[in-house]
Amino acid sequence: MTATAVAALVLILLGFAVRRAGIIRREDGHVLIGFVLYLAAPALILQILLTQELEPALALVPIAAWSIHLILLGGMFLGARAASLDRRSTGSVMLAGAVGNTGFFGLPLIAASGDGFSLAAAVMYDTLGTGLITWTSTVAVASGFGGEGGGRREVFRALRSVLLLPPNWALVAGLALNLAGVRLDDMSEFVSQPIDLLAAAVLPVVMVYAGVMLEAHGLGRIWAEVTATSIVKLGIAAVVGVGIALAFSFDDDVFRTVVIMAAMPTAMMSLVLGTRYGVRSDILAGAVVVTTLLATVTLPVIRALIS
């Protein structure tokens with residue numbers, strides 16, 4: 001994982017460099033993420049599900065993801081109250097500390113890191129864990145603590161939208177084909193090769209996108225919130241992940257996968273949704289930048305500690 005994390009950091013810095021050079025603008029970022037969301041990520045999910053054996057323990061992985069999220073969410077809320085943060089700041093630190101970038105960072109990173117992980121568990125953690133968290137809990141917190149409100153109505157509206165996302169179609173199709181005994185090697189090269197090529201593009205495109213969107217202005221004003229959030233998201237979250245993984249009696253690869261996914265950096269979608277509903281985008285943006293960069297160091301350390 002160390003080599004993959006270092007490569008990810010290089011790609012992030014490369015994305016930042018091409019933006020600074022004017023080759024790719026921040027406004028172009030939606031093209032990169034659209035490619036990943038609608039083409040590359042579904043291919044990666046299909047590739048994983050059509051090359052893995054599904055274990056019964058995988059059914060518990062999304063429950064573990066939700067358990068980790070709720071513990072972190074409650075802890076961040078109590079911490080924000082103890083620090084006397086205002087309502088909008090409280091919502092921001094809750095989202096920054098409790099929702100990880102498991103899809104656009106965690107899944108491709110684990111897929112590229114080789115042995116020692118359960119790729120199927122990573123898919124289940126992201127799609128049925130973080131994916132649903134993003135469009136339910138994240139929306140509820142952002143709309144509840146932000147300026148626009150909306151509450152339950154916004155959650156139901158978001159849930160309707162999430163059903164249309166291609167990664168979820170890929171999850172359903174991949175599970176159905178896997179249970180039917182279909183494997184990627186059994187398919188024609190005209191089908192399997194495009195899937196493999198698109199899947200391989202997820203990590204480099206996402207890391208370049210992260211660099212293109214990197215913005216560190218104004219961190220000095222919010223250093224306390226960002227520092228506290230980074231400690232929780234990159235450190236304490238891993239400890240919570242270990243506790244939950246032990247409680248669910250996960251073994252070996254599934255155990256390591258759950259812990260590493262728990263320790264992923266702050267989700268970019270938390271920034272998008274937080275900005276949409278009116279919580280403090282500066283705190284969320286700062287957390288995304290700092291945790292994404294630091295995760296390239298902390299994740300290999302955590303991986304070594306749980307080996």
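Reader: What makes the contact between Glu53 and Arg183 a salt bridge?

Author: In this predicted model, the side chains of Glu53 and Arg183 meet with a nitrogen-to-oxygen distance of 3.4 Å. A salt bridge asks for a side-chain nitrogen of Lys or Arg within 4 Å of a carboxyl oxygen of Asp or Glu, and the Glu53 and Arg183 pair, at 3.4 Å, is therefore given that name. Glu53 sits in the loop between α2 and α3, whereas Arg183 sits in the loop between α8 and α9 (189-200), so the pair ties together parts that are 130 residues apart in sequence.

Reader: Why is Glu53 called exposed, and why is Arg183 called buried?

Author: The relative accessible area of Glu53 is 60%, and because exposed means over 50%, Glu53 is exposed. Arg183 has a relative accessible area of 18%, and because buried means under 20%, Arg183 is buried.

Reader: How many salt bridges does a search of the whole structure find, and what makes the pair Asp253 and Arg256 one of them?

Author: The search of the whole structure finds 4 salt bridges. The side chains of Asp253 and Arg256 meet at 2.6 Å, N to O, and since the limit is 4 Å, this pair is counted as a salt bridge. Both residues belong to helix α12, where they are 3 residues apart, about one turn of the helix. Asp253, with a relative accessible area of 29%, is partly exposed, because that label covers values between the 20% and 50% limits. Arg256 counts as buried at 15% relative accessibility, because the limit for buried is under 20%.

Reader: What makes Asp282 a salt-bridge partner of Arg280, and why does Asp282 count as partly exposed?

Author: The closest N and O atoms of Asp282 and Arg280 are 2.7 Å apart, and a distance within 4 Å is what the term requires, so the name salt bridge applies to this pair as well. Asp282 has 26% relative accessibility and counts as partly exposed, because it falls between the limits for buried and exposed.

Reader: How do you know that Ala65 is buried, and which residues does Ala65 touch?

Author: Ala65, which is found in helix α3 (residues 61-82), has 3% relative accessibility and counts as buried, because buried means under 20%. Leaving aside residues up to four places away in sequence, Ala65 touches Tyr125, Gly129 and Ile133. The C-alpha atoms of Ala65 and Ala262 are separated by 7.4 Å, although these two residues are 197 residues apart along the chain.

Reader: Where does the lining of the largest cavity come from, and how much space lies in it?

Author: About 80 Å³ of space lies in the largest cavity, and the count of cavities of 30 Å³ or more comes to 1. The elements that give two or more residues to the lining of the largest cavity are α3, α6 (119-145) and α12 (252-262), and α3 supplies the largest share of that lining, 4 residues. The lining has 14 residues, of which Ala98, Val99, Gly100, Tyr125 and Thr130 lie nearest the centre of the cavity.

Reader: Which residues lie nearest the centre of the largest pocket?

Author: Among the 46 residues that line the largest pocket, Phe104, Ala267, Met268, Met269 and Val272 lie nearest its centre. About 1,000 Å³ of space lies in this pocket, and the elements that each supply at least two residues of its lining include α2 (29-49), α5 (102-111) and α13 (268-277).

Reader: What makes the phi of Ser84 and of Ser249 worth a remark?

Author: Ser84 has a positive phi of about 60° although it is not a glycine, and Ser249, also not a glycine, has a positive phi of about 60°. Ser84 lies in the loop between α3 and α4 (87-98), while Ser249 lies in the loop between α11 (223-247) and α12. Ser84 is exposed at a relative accessible area of 63%, and Ser249 is exposed at 56%, because the limit for exposed is over 50%.

Reader: Why is Leu305 called exposed, and which residues form a nonpolar patch with it?

Author: Leu305, placed in helix α14 (residues 281-305), has a relative accessible area of 70% and is exposed, because exposed means over 50%. Val297 and Val301 form the nonpolar surface patch together with Leu305, and the accessible area of the three together is about 310 Å².

Note on methods
Residues are numbered from 1 along each chain as its sequence is written. Side-chain values use heavy atoms; hydrogens and water are left out. Patches are made of residues with over 30% relative accessible area and no salt bridge: like charges are joined within 9 Å, nonpolar side chains (Val, Leu, Ile, Met, Phe, Trp, Tyr) within 5 Å. Accessible areas come from the Shrake-Rupley method with a 1.4 Å probe; for residues, only the protein chains shown count as cover. Buried means under 20% relative accessible area, exposed over 50%, partly exposed in between (1.4 Å probe, protein chains only). Contact means heavy atoms within 4.5 Å. On a 1 Å grid over the protein atoms alone, a cavity is a set of points where a 1.4 Å probe fits but cannot get out, and a pocket is an open set with protein on both sides within 12 Å along at least five of seven lines; lining residues have an atom within 4 Å of a point. Grid points are joined across faces, edges and corners, and a volume is the space filled by probe spheres set on the points.
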